[in-house]
Amino acid sequence: MSTKKYIGVLFLITCVVLSSCAGQATEVPTLDANVIMTDAINTFVASMNQTQTAQALLVTNTASPTITSTPTAATTPPPTSTQAAIINLILPTVFKSPMATGTQYTPTPNPTLLASGCNNLGFILDVTVPAGTVMKPGENFTKTWKVENNGTCDWVYLYHLVFVGGDRMEGDPGSLGKIIVPGKWTQLSVGLVAPSKPGTYTGTWRMANQPGTPFGATLTVSIVVANPTATPATSYP
């Protein structure tokens, strides 16, 4: 309610009281309108102050919100024993390393490691007396190899075969006697004699330059000497 309306109401009430008392024999003292208005204003101001004070107390005494629970971060539960068992069964199958199979690889010697300077020799094939050929004791034979000059300089007349190991079998080769240019092939031969005792015999040879320095691939001859066959005695009547 506004201040003017509040004062008007008080003024009307005062007038009613005065008029009701006008008919009585006792004389009522006249009220001053200014005093009445001043009292009404003071009453209204006091009422407004009490209302504002009460509102201020309500605001001040309002309790602050209380956090009743602390939020927690969502966590993933650890796998159960059943899930762990499934993982253990699957992993060996999925990540199983392949096992190597097949024949063991044997590296081929680098031909350049067999060279001596610019000289080198590559073996092509056995022309005569393949490995394991059976010979009679003391039998004469010639071993021949097909070879290639895979070096960078010529083989010349005095190049020759040299014995490097095994059973010599009386071999004594001569000089090359010709020129073999790089990239060309030729045949090298040596005359041999089978040993007199039965058994397996193997000898190795290499090509050499004039001073006798060997080079190139090793040339092998391997034979088997058989037991001599007994000749039955001739009987005469």
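What share of the contacts in the protein with a separation of 6 or more comes from residues 24 or more positions apart? Such residues account for 68% of those contacts. The model is predicted, and the protein averages a pLDDT of 74. The protein has 237 residues, of which 22% count as buried.

**Confidence**
- A pLDDT of at least 70 is reached by 51% of the residues.
- Over residues 21-28 the pLDDT is below 50, and this stretch has 1 contact in the model beyond near neighbours in sequence.
- Residues 89-105 also have a pLDDT under 50. For this stretch, the model has 1 contact beyond four places in sequence.

**Secondary structure**
- The protein contains 3 helices and 7 strands.
- Along the sequence, the elements follow the pattern α-α-α-β-β-β-β-β-β-β.

**Surface**
- Phe123, Ile124, Leu125, Val127 and Trp185 make a nonpolar surface patch of about 450 Å².
- Strand β1, which covers residues 122-126, gives the most to the nonpolar patch, with 3 residues.

**Leucine 125**
- Leucine 125 lies in strand β1 and belongs to the nonpolar patch.
- Its relative accessible area is 38%. Leucine 125 therefore counts as partly exposed, because that class lies between the limits of under 20% for buried and over 50% for exposed.

Technical notes
Residues are numbered from 1 along each chain as its sequence is written. This is a predicted model: local features need pLDDT of at least 70, side-chain atom pairs count only at pLDDT 80 or more; totals for chains, interfaces and linings use all residues. Side-chain values use heavy atoms; hydrogens and water are left out. pLDDT is the predictor's confidence in each residue, from 0 to 100. Contact means heavy atoms within 4.5 Å. Helices (H or I, at least four residues) and strands (E, at least two) are DSSP runs, numbered from the N terminus. Buried means under 20% relative accessible area, exposed over 50%, partly exposed in between (1.4 Å probe, protein chains only). Patches are made of residues with over 30% relative accessible area and no salt bridge: like charges are joined within 9 Å, nonpolar side chains (Val, Leu, Ile, Met, Phe, Trp, Tyr) within 5 Å. Accessible areas come from the Shrake-Rupley method with a 1.4 Å probe; for residues, only the protein chains shown count as cover. A salt bridge is a side-chain nitrogen of Lys or Arg within 4 Å of a carboxyl oxygen of Asp or Glu.
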